[in-house]
Amino acid sequence: MQDLKRLGDVIKRDPFRMDCLHALRSLDLPQGYIGAGFVRNAIWDELHERVKPTPLNDIDVIYFSDEITVSHNVAIAQTSTEPAFQQQEHSLITAAAKSEIKTQEKAIERQLSQIMPQANWQVKNQARMHLAHGHSPYKSSHAAISHWIERETCVAVRLLTNDDLDVLAPFGLEANFAGTISINPQYPRPDIFSKRVASKNWLDVWPLLKVQR
């Protein structure tokens, strides 16, 4: 509870982040949150006593909607009992559904950019993201972000109608406020983890961080 309050204080002190959260709330996306570096980096800045927030490369918006249908009103569900037909039809429907979802994501990015053009919005419907990793379908935004590479990245926030923060943190916030960069304990991908730590230059930007593999 103390970490949640501390995170709320950190986010609410940043006018840019609050403007982003207000913009997202205005669209009322299903299970819509802003995650990853938006939260993680704010905490790391706090630990380094940064007066000015470290600029964000992008604003990672997630939402969860599996109510996507494809052309000719064909739903994602299967109807045939023929195994070969099922496999072929599933492949076609999945590709069509993915295309429709990506179109929807881009439309949401445009809406957000009209509200806040100074932010680089990146929107992903988490109902499709399991396909990129070969996982079983995710059931929610909470479940989806629990698969992200670093424990400290598995965080997301949204603004409620009373301006309180709603926080998704499948692994809690203890590691974030401990100043670590640690591998996802539930879905470890050590090679990708090591590459990200090296390529993101996190230890140069926030030198007090400690890598834990």
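**View 1. Surroundings of serine 65 in the predicted model.** Leaving aside its neighbours within four places in sequence, serine 65 is in contact with Pro30, Asn125 and Ala127, where contact means heavy atoms within 4.5 Å. Serine 65 sits in the loop between β2 and α4, and helices (H or I, at least four residues) and strands (E, at least two) are DSSP runs, numbered from the N terminus. With a relative accessible area of 14%, serine 65 is buried; buried means under 20% relative accessible area, exposed over 50%, and partly exposed in between (1.4 Å probe, protein chains only). Serine 65 and asparagine 125 are 60 residues apart in sequence, yet 6.6 Å apart in space, C-alpha to C-alpha.

This is a predicted model, in which local features need pLDDT of at least 70 and side-chain atom pairs count only at pLDDT 80 or more, while totals for chains, interfaces and linings use all residues. Residues are numbered from 1 along each chain as its sequence is written, and side-chain values use heavy atoms, with hydrogens and water left out.

**View 2. Packing of helix α1 against helix α3.** Helix α1 (residues 2-12) and helix α3 (residues 37-47) pack at an angle of about 95°, with their axes 10 Å apart; the axes are lines fitted to C-alpha atoms, for helices over the stretch in contact, and angles run from 0 to 180 degrees between N-to-C directions. The two helices α1 and α3 are therefore roughly perpendicular to each other, given that angles under 35 degrees count as roughly parallel, over 145 as roughly antiparallel, 65 to 115 as roughly perpendicular and the rest as oblique. From α1, Arg6, Leu7, Val10 and Ile11 meet Phe38, Val39, Ala42, Ile43, Glu46 and Leu47 of α3. By class, the contact of α1 with α3 has eight nonpolar, no polar and two charged residues, where Ala, Val, Leu, Ile, Met, Phe, Trp, Tyr, Cys and Pro count as nonpolar, Asp, Glu, Lys and Arg as charged, and the others, Gly among them, as polar.

View 3. Alanine 36, in the loop between β1 (33-35) and α3, has a positive phi of about 60° although it is not a glycine. At 9% relative accessibility, alanine 36 counts as buried. Just after α3, glutamate 49 takes a positive phi of about 55°. Most residues other than glycine have a negative phi.

View 4. About 830 Å³ of space lies in the largest pocket; a pocket is, on a 1 Å grid over the protein atoms alone, an open set of points where a 1.4 Å probe fits, with protein on both sides within 12 Å along at least five of seven lines, and lining residues have an atom within 4 Å of a point. Grid points are joined across faces, edges and corners, and the volume is the space filled by probe spheres set on the points. The largest pocket is lined by 33 residues, of which Ala36, Asp58, Asp60, Arg196 and Lys200 lie nearest its centre. Elements giving two or more residues to this lining are α3, β2 (59-63), β3 (121-125), α8 (190-200) and α9 (202-205), and the largest share, four residues, comes from α3. By class, the lining has 15 nonpolar, ten polar and eight charged residues.

**View 5. Two partly exposed residues, alanine 107 and aspartate 163****.** Alanine 107 is found in helix α4 (residues 83-115) and, at 29% relative accessibility, counts as partly exposed. Alanine 107 and valine 123 are 16 residues apart in sequence and 9.3 Å apart in space, C-alpha to C-alpha. Aspartate 163 lies in the loop between β4 (156-159) and β5 (165-168), where it has a positive phi of about 70° although it is not a glycine. With a relative accessible area of 33%, aspartate 163 is partly exposed.
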